Every structure is written in structure tokens, then in C-alpha cells.
Amino acid sequence: MRFRASDDPEEQGDQPVGWPRPHRSLGRIGSVLLFALLAILFGALAVDEVLQETWWQALVWVGGMLLLVHLIGLTVSLMHRPRQAGGLPSRGTNDQGEEGMAFRYSRWAYYWLSVVLGACAAGCFGYAVAAGRYVSVAGVVLSLVFAGFGLYLLWFLVTMLRTAPGVVVISPTGIYHRSLTFEHFVPWESVTEVAARNHQTPWITVKAFPLEGTRTKNHAGRFSPGAEGLPFMIIRAYWLGANAIPAYLAVRRYFYSPEQRAELAGQD
């Protein structure tokens with residue numbers, strides 16, 4: 001069963017025209033230009049250090065340049081409207097092992113964020129070591145601050161990769177969403193509306209009451225991405241990538257057509 005976007009507004013429901021259309025602000029465009037200029041500068045400094053045979057300094061500039069390149073990739077991907085996935089939806093299971101229709105997160109979205117977090121954590125540890133070499137109160141404090149922030153980034157990265165990949169699973173009993181570090185299940189009877197939103201970062205909102213059968217699991221504490229909309233389910237279109245439109249259409253279809261939910265149990 002394929003889910004395709006229609007040109008008929010009645011079939012689109014409340015889906016904004018062109019959704020998901022990321023916001024291309026002057027700030028984001030300016031950030032890309034700034035990162036690009038800094039990456040070129042860091043590359044030139046790395047070449048200069050190589051010519052002077054100061055290899056460690058050259059490695060530092062190369063590392064900075066690679067971080068900036070990935071920041072460019074991450075920012076550009078946030079402004080890019082993904083193509084709609086074709087073909088049949090895949091199958092998957094929710095947190096209770098119930099089978100249903102699955103829409104997985106984009107691998108590229110994971111790649112950009114993982115590399116940026118890893119590089120930032122490595123940079124923090126490097127600064128912590130450098131600051132610790134100065135035998136002073138300020139040096140020790142800076143070393144502890146950088147080391148603590150680096151540990152937090154590393155912990156978040158490991159947690160994110162441990163629960164990867166994120167997925168939306170639509171089953172006969174409800175909707176399951178595993179984001180970067182947060183799991184959320186809402187039964188169909190608790191859902192009141194399914195809507196697509198086209199703000200700065202487009203998302204799908206599944207409005208629901210916290211009735212019996214609702215499940216949540218937080219792997220990263222209070223500020224876990226995906227927990228901010230509770231009791232509503234917030235599904236960011238960026239992370240779904242090409243699966244954003246098919247996921248929205250599928251969730252909306254089975255919400256408004258409960259008599260068809262039984263087919264989600266088998267591969268039709």
C-alpha cells in the first residue's frame with residue numbers, strides 16, 4: 001500500500017501546501033556562509049602548519065575544518081525539503097513487540113548529528129587537557145567544566161546511538177514513536193487529532209489524552225527530545241526525511257478509518 005501526497009486539498013486534510021517545508025531563515029543561511037569561510041581558513045592554516053612540519057597543530061586545524069564541514073551539512077540538511085519515499089512501507093515492531101507499519105528515521109540525519117556531537121565532545125576533552133596543564137585555580141575549573149560538558153555530549157551520543165534508529169510504528173492498537181532518546185506510545189482511543197505543522201522545523205502532532213495504555217520511556221532525562229509536547233506526540237519531519245509524508249498520511253488515514261486498522265497486523 002503506497003501513501004502519496006495528493007493535490008486535492010480535501011484529501012490533504014490540514015496538511016499545509018508543500019509540507020514539510022523547512023524554514024530557510026537569514027540566520028541559517030548566514031551560519032552556512034560563516035562556517036564555509038571558517039572551514040576555508042582552517043584548511044589554509046592546516047596547510048601552513050604542514051609546510052612548517054608542525055604536525056600536531058596541523059591536526060588540530062584539520063579537525064576544526066572537518067567539524068565545520070559537518071556543521072554545514074547539518075545546517076543545510078535542516079533547510080532541505082526531502083523527497084517523498086516511494087514503494088511499500090516496511091514492517092516493524094513497537095516497544096511491546098506488536099507488529100505494524102514502520103516509518104524509520106533518516107540515516108543521514110543521524111550521521112550529521114552524530115559526527116558533530118562526537119567532534120564537539122573530543123574538542124571539549126582536548127581543551128580540558130590543555131587547561132589542566134596550567135597549575136592554577138582557573139585552569140582546574142576550566143578543565144573540569146570542559147570535561148563535564150564533553151562527558152555529557154558523549155553520554156547523549158551513546159544513548160542516541162543505543163536507541164537508534166528512531167521509528168514510527170502504526171499498529172492495530174495505537175501509534176508508537178521512538179525518537180532520539182524518548183519512546184512514546186498512544187492507543188488509538190486516546191487520539192483526538194492528527195495534524196501537520198509547517199513552522200521553523202516542521203512536525204506531525206498527534207493530539208492525545210494521557211489515558212490508560214499510554215506508555216513513555218525517557219532515556220536522557222528531563223530535556224529529552226520528543227518529550228516536550230507531552231501528552232501530545234511530536235514527530236519531527238526532519239528526522240523522518242523521505243518518510244515524513246507517508247508517515248503523516250498513514251497515521252491520518254488509520255485515525256479517521258478505524259475499520260481499516262486490522263490490516264496493520266498483516267502485510268497487505
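Analyst: Helices (H or I, at least four residues) and strands (E, at least two) are DSSP runs, numbered from the N terminus. By that rule the chain has 7 helices and 9 strands. The model is a predicted one, in which local features need pLDDT of at least 70 and side-chain atom pairs count only at pLDDT 80 or more, while totals for chains, interfaces and linings use all residues. Residues are numbered from 1 along each chain as its sequence is written, and side-chain values use heavy atoms, with hydrogens and water left out.

User: Why is E49 called buried?

Analyst: Buried means under 20% relative accessible area, exposed over 50%, and partly exposed in between (1.4 Å probe, protein chains only). E49 has a relative accessible area of 15%, and therefore counts as buried. This residue belongs to helix α2, which spans residues 26-51. Across the chain of 268 residues, buried ones make up 43%.

User: What makes the pair E49 and T54 a polar contact?

Analyst: A polar contact is a pair of N or O atoms within 3.5 Å; within protein, one must be able to donate a hydrogen and the other to accept it, and residues adjacent in sequence count only if both atoms are side-chain atoms. The side chains of E49 and T54 make such a contact at 2.3 Å. With residues up to four places away in sequence not counted, E49 touches T54, Q57, A58 and W61.

User: Why is T163 called buried, and which backbone oxygen lies 2.6 Å from a polar atom of its side chain?

Analyst: T163 counts as buried because its relative accessibility is 8%. The backbone oxygen belongs to L180. T163 is located in the loop between α5 (137-162) and β3 (167-171). Leaving aside neighbours within four places in sequence, the contacts of T163 are R178, S179, L180, T181 and H219.

User: Where is E53 found, and what is its phi?

Analyst: E53 is found in the loop between α2 and α3. Its phi is near 60°, a positive value in a residue other than glycine. E53 counts as exposed because its relative accessibility is 57%.

User: Why is strand β5 described as largely enclosed?

Analyst: In strand β5 (residues 182-187), 6 of the 6 residues are buried, so the strand is largely enclosed by the rest of the structure. In a regular strand the side chains alternate between the two faces of the sheet. Both faces of β5 are covered, with F182, H184 and V186 buried on one side and E183, F185 and P187 buried on the other.

User: How do you know that β5 pairs with β4 and with β8?

Analyst: Two strands pair if DSSP finds at least two bridges between them. β4 (residues 174-178) and β5 are joined in the antiparallel sense over 5 bridges, and I175 has V186 in β5 as its bridge partner. β4 and β5 form a hairpin with 3 residues between them. β5 and β8 run antiparallel, joined by 4 bridges, and H184 stands opposite T216 in β8.

User: Why is F209 called exposed?

Analyst: F209 is exposed because its relative accessible area is 51%. F209 sits in the loop between β7 (203-208) and β8 (215-218). Not counting residues up to four places away in sequence, F209 touches S190, T192 and T214. The C-alpha atoms of F209 and F185 are separated by 12 Å, and these residues are 24 apart along the chain.

Note on methods. Contact means heavy atoms within 4.5 Å.
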